[in-house]
Amino acid sequence: MSDSVAYEIINQWLVEELPYEVIWFNKKGQIVYANALFFKRLGYSRSQMGKLSIFDLNPTVTQKEWEKHWRGVRKMKVVNFKDTHKRKDGKLYEVEVFAQFFSNNGKNLISALVNDISDSSFYKNLLGHVERMTQVGGWKLNLQDGSLIVTTEALQLFGTTEKENLLPGTIIHQFKEPERLKTLLKETMRRAKPYDEILETRENPSRFIRCQGQAILKGEKIFKVIGAYEDVTEQKERENALKLYKEILDNAEDLVYVYNREGKLLHFSNSVAKHLGFSPKELERFFIFDLDSSITKEWWGEHMDDIAKNKVLRFEWLVTRKDGTKFQADITANHICYQGEDLNCAIVRDITERKKKEEQLFQAFGEIKSLQQQLEQENEYLQTEIKRNINFDDIICTSESYAKVLKEVEKVAPTDTSVLITGESGTGKELLANGIHQNSKRNERPLIKVNVATLPNELIESELFGHKKGAFTGATSDKVGKFRLADGGTMFLDEIGEMPLELQPKLLRVLQEGEFDPLGSTKTEKADVRVIAATNRDLEEMVKNGKFREDLYYRLNVFPIYNIPLRDRKEDIPLLAQYFLEKYATKAGKAFRKISKKTLEALMRYSFPGNIRELENLIERAVILGEGTTLFPGNWLPNGKPKIQEDPALKTFEEVQRDHIIKVLQHTKGRVSGPQGAAVILDMKDKTLFAKMKRLGIKKETVYTS
């Protein structure tokens, strides 16, 4: 076998073993050729090829789109893109396509090399060895009596059942060159000259038949001729297309190498020389060790063993160019056994750009994860708010005095102005804040509520601005702050007067610049938040005493709203009482429907130092204690008289609480927790007592100076 023939056979074999679907399309989109992998992967048989087109492979493609694609490939010569293909059974898979325009024997074609990338692998469905079954038909002609013996395969090959049709004088007419076969037969029968030729049949479409003949001699006399016919149409077509295949390989963007066990580079695509900077002559004499000095003979031997064992290996590697520069590559090494020799067909893809994109995606995923955490915490917060079941869905009011307050809410709600709500405890400041938010342009985003008085000083900053993992002891994970959750919405800061002085500048920064720094973070974050603050304390007095920043006070007090106490809006007591009665009667399963006149008169006489909250608590207690459909007076009613609120000698409920707590703390010598602490005496949790002390302004020095 000549070197050129051997080279062509090797190239033909490589084309069939290449881990791509190889498909040729004509101008109409019909498939005129496809390799074995195409049929194996899509589930079609070769006999169906003539009926297949691009529209079977990709049903989403229209005729106009195909015509546009044809023009584009013809102009660009080579086009690379990703698409979705459909198998015969209807299953879809992702592909990467390299399409190239060719003109072959006067016919314009598009050749497509298709990679299956459906499972994040470029070469998951690589070709293995494909078994070929070649049907060879034999015959024997006895020259003594003219008898002919023909095998069944030979008859089937020519589509006949009569052996006479295979006699020399008849069989020659099956071919386009009958005289050629006639001459070959004569030379064999007269001079014992063997022949082995490939001839084309007259059929349409035609086939290529390998015709072989050899004389059998007895002494010097020829008495028999034996021969064989083999359909080699597919092989011949491959041979005719071999140059075209090689051109496709050489123009592929991927680098294709073929090595033997010794590491000798047997074959390479043009892209190898182009990408690495070596000349083809240099590469022809190279071993793998010339291309990569880090590879040893021991490593290469083990590598070839692994490939022979696993058939396909996929890994990443740093490939070195001639100038010493390197690039990151994805390598798929495929085992090929050719003429008993192990070969390594390596497909090398430069993934430098892919790695950059992966890094960008990784960063993007990090941001998405951060946003996901924010949404999860926002959802958790909102679920908590729902569970609280606060009665702020409607504002119950008939009094003219409170109508003026609501008018102020109506005016300021559509703006982004900061609002400071003042008033006694229990007047419903949070209700007004909710009303402002619900009637604002921000009502599609959340209203985030923080009661400053209930938070320990050391946790307020983390709660408002968030923190990074490890920012302080106990910070085991990142936390999104309430200002981040409120981005685009509204933040309600209740009991703003309890804000520690050292944190007030950070709050002022958010109000003025809309930015903050989470604890432990070096990155400044932005937040578009409207702030509504509330307090029952005299902030102006606190400013004078140096306990509240003046600039923060004026920044919060842009639009002040004073929420009047219940005693100044007594006309609303009957409505509120009826509302609470229906609510708690339903909750307790009681039959209460109305409130007696005497009960209402008693409620109207009372001053309600605890405001609406106290009224709600009274009605809830009355429902628990009473029976029937009408709420009558009982021992649940307070003993208050109208003159109580007018007697300046009497203290408010909070003042009484403060004095009592100080008295108990003096008794325990300032101890709050523990068996002998004030919390035990007052029958409350120590955390609750700490929060109440903070709200009432009780400190250690207060205890010892009172």
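Predicted model: local features only at pLDDT ≥ 70, side-chain atom pairs only at ≥ 80, totals over all residues.
Numbering starts from 1 along each chain as its sequence is written, and side-chain values use heavy atoms, with hydrogens and water left out.

Taken as a whole, the chain has 27 helices and 24 strands; these are DSSP runs numbered from the N terminus, helices being H or I with at least four residues and strands being E with at least two. Of its 706 residues, 44% count as buried, where buried means under 20% relative accessible area, exposed over 50%, and partly exposed in between (1.4 Å probe, protein chains only). The accessible surface of the chain is about 39,000 Å², and carbon and sulfur atoms account for 50% of that; areas come from the Shrake-Rupley method with a 1.4 Å probe, and for residues only the protein chains shown count as cover. As for contacts (heavy atoms within 4.5 Å), 60% of those between residues at least 6 apart in sequence join residues at least 24 apart.

Back to the strands. S6 and S10 belong to an open sheet of five strands, ordered S7-S6-S10-S9-S8 with antiparallel pairing; two strands pair if DSSP finds at least two bridges between them. The edges are held by S7 (148–150) and S8 (195–200), each with a single partner strand, so one side of each has no neighbour in the sheet. From one strand to the next, the twist averages 20°. Axes here are lines fitted to C-alpha atoms, for helices over the stretch in contact, and angles between N-to-C directions run from 0 to 180 degrees. Within the sheet, S6 (residues 136–142) and S10 (residues 221–231) run antiparallel and are joined by seven bridges. Helix H7 (residues 178–191) packs on the sheet, where it touches S6, S8, S9 (208–218) and S10, and its direction makes about 165° with that of S8.

Glycine 43 sits in the loop between helix H2 (36–42) and helix H3 (54–57) and is partly exposed, at 42% relative accessible area. Its C-alpha atom is separated by 6.6 Å from that of arginine 87, 44 residues apart along the chain. Setting aside neighbours within four places in sequence, glycine 43 contacts Phe38 and Lys88. Threonine 630, in strand S24 (residues 630–631), is buried, with a relative accessible area of 12%. Beyond residues up to four places away in sequence, threonine 630 touches Phe592, Lys594, Ile595 and Ser596.
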